[in-house]
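Please read the following with the sequence and the model open side by side. The text starts with a helix pair and then turns to the sheet.

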Amino acid sequence: MKTVFIYIKSLIDLFIIIILRLLSNSFSAKSNNILFINTGQIGDLIVSSIILENDQVFEGKGKIVFVVKDQYLQLFKNYNGKVKILGYNYIKYKFSLLYKYKFLMNLRNIGFNKCYNLTTARGILNDQMALLSGAEEIYCLNSNWEYLTNFFGKKLDKKYTKIITKNYFNEYDKNIEVIKTINKKYVQIGRAHV
């Protein structure tokens with residue numbers, strides 16, 4: 001019974017992606033902007049903060065935006081680097097189609113060349129955000145679909161430009177691989193050498 005419920009919910013959520021894509025079918029204007037999405041919990045954000053600590057990799061790039069849940073914005077209150085931290089209301093995003101549409105349109109209006117879904121445990125909500133961001137190239141860390149059936153997880157995987165770290169288990173190393181895809185010339189990142 002639980003599997004049937006998950007299958008029906010996934011089908012509805014996939015239908016929402018299709019509807020929202022139709023409502024906002026044009027890609028964003030060409031830009032050099034980069035979007036990072038991490039809808040995970042505090043541990044995921046701490047690991048992904050390696051991106052904020054190494055904002056020198058964004059030399060020559062446009063706007064850099066990092067999306068997190070509103071409840072975690074306080075973690076970044078003292079951050080004053082190049083990356084703009086953008087919060088969203090998780091409950092409204094999950095249950096209000098109007099809020100979701102407005103939030104996604106705001107992202108599309110900024111215009112992104114690349115989007116990176118850094119959320120460790122992928123689900124339909126963070127996949128929606130990434131896939132409907134308007135970015136020309138959309139990446140995710142892995143195929144860890146915590147909240148999806150295999151059927152829907154594989155369908156959504158095909159919509160990404162690339163899955164960056166299929167065989168990595170260490171979250172820190174996954175985020176380093178993201179930085180490498182952005183700017184290969186940086187050889188030392190944080191405490192690790194890449």
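In this predicted model, helix 4 (residues 97–110) and helix 5 (residues 124–131) pack with their axes 10 Å apart and at an angle of about 40°. Axes here are lines fitted to C-alpha atoms, for helices over the stretch in contact, and angles run from 0 to 180 degrees between N-to-C directions. The two helices are therefore oblique to each other, a class left over once angles under 35 degrees are called roughly parallel, those over 145 roughly antiparallel and those from 65 to 115 roughly perpendicular. Helix 4 brings Lys100, Phe103, Leu104 and Leu107 to the contact, and helix 5 brings Leu125, Gln128 and Met129; contact means heavy atoms within 4.5 Å. By class these are five nonpolar, one polar and one charged residues, where Ala, Val, Leu, Ile, Met, Phe, Trp, Tyr, Cys and Pro count as nonpolar, Asp, Glu, Lys and Arg as charged, and the others, Gly among them, as polar. Helices (H or I, at least four residues) and strands (E, at least two) are DSSP runs, numbered from the N terminus.

Gln128 of helix 5 counts as buried because its relative accessibility is 0%; buried means under 20% relative accessible area, exposed over 50% and partly exposed in between, with a 1.4 Å probe and protein chains only. Its C-alpha atom is separated by 6.1 Å from that of Ile17, 111 residues apart along the chain.

Six strands form an open sheet in the order 3-2-1-4-5-6, with parallel pairing; two strands pair if DSSP finds at least two bridges between them. Strand 3 and strand 6 (162–163) are the edge strands, each pairing on one side only. Strand 2 (residues 64–69) runs parallel to strand 3 over five bridges, and Phe66 stands opposite Ile85 of strand 3. Four of the five residues of strand 3 (residues 84–88) are buried, so this strand is largely enclosed by the rest of the structure. Strand 1 (residues 34–37) and strand 4 (residues 114–117) are parallel and joined by four bridges, with Tyr116 as the bridge partner of Phe36.

Both helices lie across strands. Helix 5 lies across strands including strand 4, to which it runs at about 170°.

As for confidence, the mean pLDDT (the predictor's confidence in each residue, from 0 to 100) is 80, and 78% of residues reach 70 or more. Over residues 189–194 pLDDT stays under 50.

Local features need pLDDT of at least 70 and side-chain atom pairs 80 or more, while totals for chains, interfaces and linings use all residues. Residues are numbered from 1 along each chain as its sequence is written, and side-chain values use heavy atoms, leaving out hydrogens and water.
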